[in-house]
Structure formats: structure tokens, C-alpha cells
Amino acid sequence: MVRFGVNMVVPETRAAWVEKCRKAEDLGFDVIGAADHLGMAPPFPALVLAAEVTARPRLNTFVINTAFYNPVLLARDVTGTDQFTEGRLELGLGAGYVKAEFEAAGMEFPRAGKRVDHLENTIEVLNRLYADESHKPPTVQKPGPPLMIAGRGDRLLTLAAEHADIIGFTGTAAVPDGGALAVEDAAGIEERVDFVRGKLNGREAEFNILSHFVAVVEDRQEGLESLRELLDGKLTVAQLAELPTALVGTHEQIAEQILAHRERFGFTYFTVLEHNMDALAPVIESLRGK
């Protein structure tokens with residue numbers, strides 16, 4: 001079956017946050033995510049509040065900038081949030097990539113390898129503390145909340161293949177460390193998926209993709225041409241038509257695209273940004289149970 005998540009990125013008043021979390025549940029989303037960037041809502045309190053006002057969706061950090069966190073203190077937040085959400089937490093971790101955020105926090109921006117080192121150490125500490133009966137608060141989910149690891153590089157995806165229950169593919173191309181993100185073409189995404197499959201060694205993991213662009217339009221060709229202009233012509237219309245990160249067309253065409261992406265890439269978990277909630281809702285309904 002296909003799961004759908006929505007990643008909340010706009011900081012709101014309490015009332016507005018409550019309203020949009022309830023809306024996500026009403027629209028059929030399976031997962032409510034909270035991003036972890038400066039200027040956005042703090043993810044763990046945001047998910048606890050989401051749990052208070054919803055009953056069904058899972059709750060996901062999408063994804064924690066692990067380089068910002070001491071692993072032991074992060075473990076307290078994770079296990080406490082799993083308690084307060086009554087076992088609905090999915091923990092998403094990433095290595096961190098926005099250099100400007102490190103600078104704003106007055107922190108050194110370590111090279112990519114060091115950030116992945118810290119992520120690996122954090123996973124080890126979390127697993128150790130989950131298993132430690134003296135660690136308080138304990139998790140509701142055993143041995144701990146499902147782990148998502150999201151990113152692109154070889155070493156990070158190898159780590160994900162070894163440890164993650166959910167592997168998040170960014171759909172972004174290789175860029176200089178700390179550089180601006182760029183859209184990956186379908187062949188590049190497929191290569192990353194194949195790389196992970198080669199590292200799983202018989203393990204099973206759910207594959208997630210962040211679909212950055214959703215456009216419900218009657219004329220798909222016209223919609224793809226508009227997206228090409230938005231992206232400054234960096235990909236052709238034919239390339240855009242293959243992207244799992246760009247869902248463009250009628251609701252029926254988008255549903256067909258999602259099933260095609262499941263077949264080609266193995267994606268069974270699609271996440272969109274919150275401004276695309278309404279656009280995707282009829283697609284969720286049409287694919288329920290498929």
C-alpha cells in the first residue's frame with residue numbers, strides 16, 4: 001500500500017497549528033511531519049501538540065538536523081515524545097546540510113564526513129539508551145520509534161541501509177557541500193535507489209520520496225512547461241515528466257504517476273509540503289488501499 005505524509009514548514013499560532021493538523025487527518029494523510037529548520041516550529045513540541053488534536057496519523061520529524069543535537073539529550077526528547085504521543089512517533093534523522101543555519105547558531109559547519117560520523121554515533125547512542133531499562137522516560141514503541149534516515153550521499157545511504165526502517169530519498173542532485181540544492185533527474189534518483197538496494201543485504205525498508213512540486217492542472221504538458229520555467233529550464237519537459245518529485249496533471253494522472261513511481265523506484269511513501277495538502281487529497285482517496 002501507499003502511504004502519504006505532509007511536512008509542516010510554516011510556523012503558526014497554536015490555533016493555526018491545531019487547525020492544519022486536524023485538516024491533514026481529515027484529508028486522509030497517514031503521517032504529519034514537522035521540519036527541523038531555524039525559523040520553523042520546534043519539531044518535538046509541534047508533534048506532541050499534533051498528537052493531542054488528532055487520533056490516526058503517525059507523527060514524524062522530517063528530518064532532525066542531527067548535527068545540532070547532543071545524542072543523549074536528543075534521546076530524552078525522542079523517548080519523551082514517544083511517550084507523549086502514545087507511540088505514534090517516527091524519528092526522521094538527517095546529517096544537516098544548511099550551512100547558513102550553522103552560522104546563525106554560532107556553530108562550526110563540519111565537513112560532510114564529520115556530520116555523518118555524528119549521525120552514526122547518534123544512532124548508536126539512541127539504540128543503547130532505548131535498550132537501557134534505567135533510561136527514563138522509556139519508549140512506548142519497542143525497541144524504539146521507527147527510524148527514518150534521509151539524504152543522498154553514499155555513506156549516509158549506506159548507514160540508512162544498515163539501520164533505517166524508512167529511507168528518505170531527497171530527489172536532489174549532488175552539489176558542493178553547503179551549496180544550494182538542485183533537482184535530480186529520474187535517472188539520478190533511480191541510481192540512488194539502486195545503490196541502497198545493493199546495500200540492504202536482505203533487510204526490508206520502506207522507501208520515501210519528498211515530492212516537492214504538486215500541480216493539479218487539466219493540461220499536463222502545459223503544467224510541465226510551467227514547472228520547467230520555474231526551474232529555469234534546468235531539466236527538459238520529458239525529464240520532468242519522469243520525476244517522482246514532481247506530480248503534475250489531473251488527479252487521475254497524478255494517481256497513475258504515483259503507482260508508476262512505486263513500480264519503477266519502489267516508493268511506497270510520498271511526502272508533500274503543507275501548501276500541497278488540498279491538491280493531493282483526492283489522489284489519496286483514490287489510492288486508498290492500493
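**Stop 1: Val140**

Select Val140, then show its surroundings. Setting aside neighbours within four places in sequence, Val140 is in contact with Asp82, Gln83, Glu86 and Gly87. Contact here means heavy atoms within 4.5 Å. This is a predicted model, where local features need pLDDT of at least 70 and side-chain atom pairs count only at pLDDT 80 or more, while totals for chains, interfaces and linings use all residues. Residues are numbered from 1 along each chain as its sequence is written, and side-chain values use heavy atoms, with hydrogens and water left out.

Val140 sits in the loop between α5 and β6. The helix and strand labels come from DSSP runs: helices are H or I with at least four residues, strands are E with at least two, and both are numbered from the N terminus. Now pick the C-alpha atoms of Val140 and Thr85. They are 9.0 Å apart, although 55 residues separate them along the chain.

Is Val140 buried, exposed or partly exposed? Its relative accessibility is 40%, so Val140 counts as partly exposed. Buried means under 20% relative accessible area, exposed means over 50%, and partly exposed is in between (1.4 Å probe, protein chains only).

**Stop 2**

Most residues other than glycine have a negative phi, and most peptide bonds are trans. Here are some exceptions.

Stay close to the last stop and select Glu86, one of the contacts of Val140. Glu86 is not a glycine, yet its phi is positive, near 55°. Find Glu86 in the loop between α3 (71-84) and β5 (89-94). Glu86 counts as exposed because its relative accessibility is 70%.

Next, select Asp232. Its phi is also positive, about 60°, and Asp232 is not a glycine. Look in the loop between α8 (220-230) and α9 (237-241). At 60% relative accessibility, Asp232 counts as exposed.

Now for the peptide bonds. Select Phe62 and Val63: a cis peptide bond joins them, with omega about -15°. Val63 is in the loop between β3 (58-61) and β4 (64-65). Then select Lys142 and Pro143. They too are joined by a cis peptide bond, and omega is about 0°. Pro143 belongs to the loop between α5 (112-131) and β6 (147-151).

**Stop 3: helix α1**

Select residues 14-26. This is helix α1, with 13 residues. How far apart are its end C-alpha atoms? They are 18 Å apart, which agrees with the 18 Å that α1 should span at 1.5 Å a residue. The expected span is 1.5 Å times one less than the number of residues.

Colour the buried residues of α1: Ala16, Trp17, Val18, Lys20, Cys21, Ala24 and Glu25. What covers them includes β1 (3-8), β2 (31-34), α2 (43-53) and α11 (277-287). Step just past the helix to Gly28, where phi is positive, about 100°.

**Stop 4**

Move to α7, which has 14 residues. From first C-alpha to last, α7 reaches 20 Å, close to the 20 Å expected. Its buried residues are Ala186, Gly188, Ile189, Arg192, Val193, Phe195 and Val196. Their cover includes α6, β7 (166-169), β8 (206-210), α10 and β11 (267-273). After α7 comes Asn201, with a positive phi near 50°.

Two packed helices are described by the angle between their axes and the distance between the axes. The axes of α6 (residues 154-163) and α7 (residues 186-199) come within 9 Å and cross at roughly 45°. Axes are lines fitted to C-alpha atoms, for helices over the stretch in contact, and angles run from 0 to 180 degrees between N-to-C directions. So α6 and α7 are oblique to each other. Angles under 35 degrees count as roughly parallel, over 145 as roughly antiparallel, 65 to 115 as roughly perpendicular and the rest as oblique.

Show the side chains at the contact. Asp154, Leu157, Thr158 and Ala161 come from α6, and Arg192, Phe195, Val196 and Lys199 come from α7.

**Stop 5: α10 against α11**

Finish with α10 (residues 251-265) and α11. Their axes are 9 Å apart, at an angle of about 60°. That makes α10 oblique to α11. On α10, select His251, Ile254, Ala255, Ile258 and Leu259; on α11, select Ala279, Leu280, Pro282, Val283, Ser286 and Leu287. These residues make the contact.
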